[in-house]
Amino acid sequence: MKNDNHHLTSVTPDKRRNGLKQALKNKRSIRVMETHSPLAALLVEQASYNQGERHIEFDAFWSSSLTDSTVRGKPDIELLPLSSRLNAIADIFDVTTKPLILDGDTGGQIAHLPYHINAAEKMGISSIIIEDKTGLKKNSLFGTDVKQTQDEPQHFAEKIAAAKAAQLTDDFMVIARVESLILDAGMTDAIDRALTYVGAGADGIMIHSRKKDPQEIIDFARIFRKSAPDTPLVCVPTSFNNITFDQLSDYGFNVIIYANHLLRASYPAMKNILQDILKNGRTLEVEDRCMPIKEILELIPGTK
């Protein structure tokens with residue numbers, strides 16, 4: 001990775017927090033990438049691609065509870081305390097400038113949520129996404145293979161309202177994640193819940209699906225847009241990964257989150273190299289799959 005930065009890179013909490021709303025104001029749709037470490041965040045911050053005259057880059061970071069838990073060797077069951085999550089984000093913020101969306105799982109108890117919102121907002125986090133499930137959190141992509149319970153719509157709407165009442169600035173966004181399609185509760189339930197949450201003050205709606213065919217999230221967007229034409233729509237195309245960013249944008253999605261791919265890419269790379277070092281008793285065979293020593297010494301500004 002070529003590094004053109006010769007100084008420490010950071011930004012004030014206020015400016016970073018405002019960055020997400022600015023990106024949504026300036027673009028029809030934005031790209032958000034999972035970052036589980038400061039190094040991953042640096043890679044995301046510097047990643048770019050030129051497509052003719054079009055310059056493409058990631059607009060924001062996603063702090064995933066799945067990858068945050070996995071990188072610590074812990075199960076994704078809402079086990080990590082918020083303080084641990086925020087400490088990890090603080091390290092990312094020390095060396096980057098892009099805004100960040102926090103995966104807030106279920107949001108915890110309503111009485112605790114205002115404290116979580118204030119802590120995140122003061123740091124410069126731009127948004128929290130909370131899902132309408134209760135009980136022990138399980139990863140949504142398990143679907144109905146494990147026991148997952150959806151919250152009562154009115155109770156979750158109270159949680160959204162409490163979060164909105166607690167925020168300190170107009171920049172912060174509270175996004176409600178609807179799990180109806182994940183849990184096979186049906187399209188009508190998904191739409192009804194989404195509109196209820198918007199009515200409670202949600203700044204955006206994330207609709208999730210575990211199907212490989214994106215049709216149900218496309219249908220959701222079409223129906224939802226009839227009643228809420230301006231509310232930001234969020235999706236995470238992990239399962240329905242054949243649909244492109246531009247297509248999702250055309251269907252009405254404003255925030256597209258690539259939720260776990262950097263960690264998933266690093267795991268097989270490390271595992272395969274370990275096997276080859278054990279097999280060959282040396283590192284010669286793996287060097288072409290590793291970053292050159294010279295590059296890693298020059299990667300971070302100030303190391304040299």
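**Reading a predicted model: loops, helix pairs and cores**

Mentor: Asp 184 lies in the loop between strand 9 (173–178) and helix 7. The model is a predicted one.

Trainee: What makes the phi of Asp 184 worth a remark?

Mentor: Most residues other than glycine have a negative phi. Asp 184 is not a glycine, yet its phi is positive, at about 60°.

Trainee: Which value does phi take at Asp 105?

Mentor: Phi of Asp 105 is near 50°, again a positive value in a residue other than glycine. Asp 105 sits in the loop that runs between strand 5 (100–103) and helix 5 (113–123).

Trainee: Why is Asp 105 called buried?

Mentor: The relative accessible area of Asp 105 is 5%. The cut-off for buried is under 20%, so Asp 105 is counted as buried.

Trainee: Which residues of helix 7 and helix 8 meet?

Mentor: On the helix 7 side they include Ala 190, Ile 191, Ala 194 and Leu 195, and on the helix 8 side they include Asp 219, Phe 220, Ile 223 and Phe 224.

Trainee: How do you know that helix 4 and helix 5 are roughly parallel?

Mentor: Helix 4 (residues 82–93) packs with helix 5 at an angle of about 10°, the axes being 11 Å apart. Angles under 35 degrees count as roughly parallel, so helix 4 and helix 5 belong to that class. Leu 82, Leu 86, Ile 89, Ala 90 and Phe 93 in helix 4 meet His 116, Ala 119, Ala 120 and Met 123 in helix 5.

Trainee: Which residues touch the most other members of the largest nonpolar core?

Mentor: That core has 48 residues, and those touching the most other members include Ile 125, Tyr 197, Phe 220 and Phe 224. Beyond its neighbours within four places in sequence, Ile 125 is in contact with residues including Leu 86, Ile 89, Phe 93 and Ala 120. Apart from this core lies another, of 17 residues, among them Ile 30, Ile 101, Met 206 and Ile 257.

Trainee: What is the mean pLDDT of the protein?

Mentor: The mean pLDDT is 93, with 93% of the residues reaching 70 or more. Over residues 1–7, however, the pLDDT is below 50.

Conventions: Residues are numbered from 1 along each chain as its sequence is written. This is a predicted model: local features need pLDDT of at least 70, side-chain atom pairs count only at pLDDT 80 or more; totals for chains, interfaces and linings use all residues. Side-chain values use heavy atoms; hydrogens and water are left out. A nonpolar core is a set of buried Ala, Val, Leu, Ile, Met, Phe, Trp, Tyr and Cys residues joined through side-chain atoms within 4.5 Å. Buried means under 20% relative accessible area, exposed over 50%, partly exposed in between (1.4 Å probe, protein chains only). Contact means heavy atoms within 4.5 Å. pLDDT is the predictor's confidence in each residue, from 0 to 100. Helices (H or I, at least four residues) and strands (E, at least two) are DSSP runs, numbered from the N terminus. Axes are lines fitted to C-alpha atoms, for helices over the stretch in contact, and angles run from 0 to 180 degrees between N-to-C directions. Angles under 35 degrees count as roughly parallel, over 145 as roughly antiparallel, 65 to 115 as roughly perpendicular and the rest as oblique.
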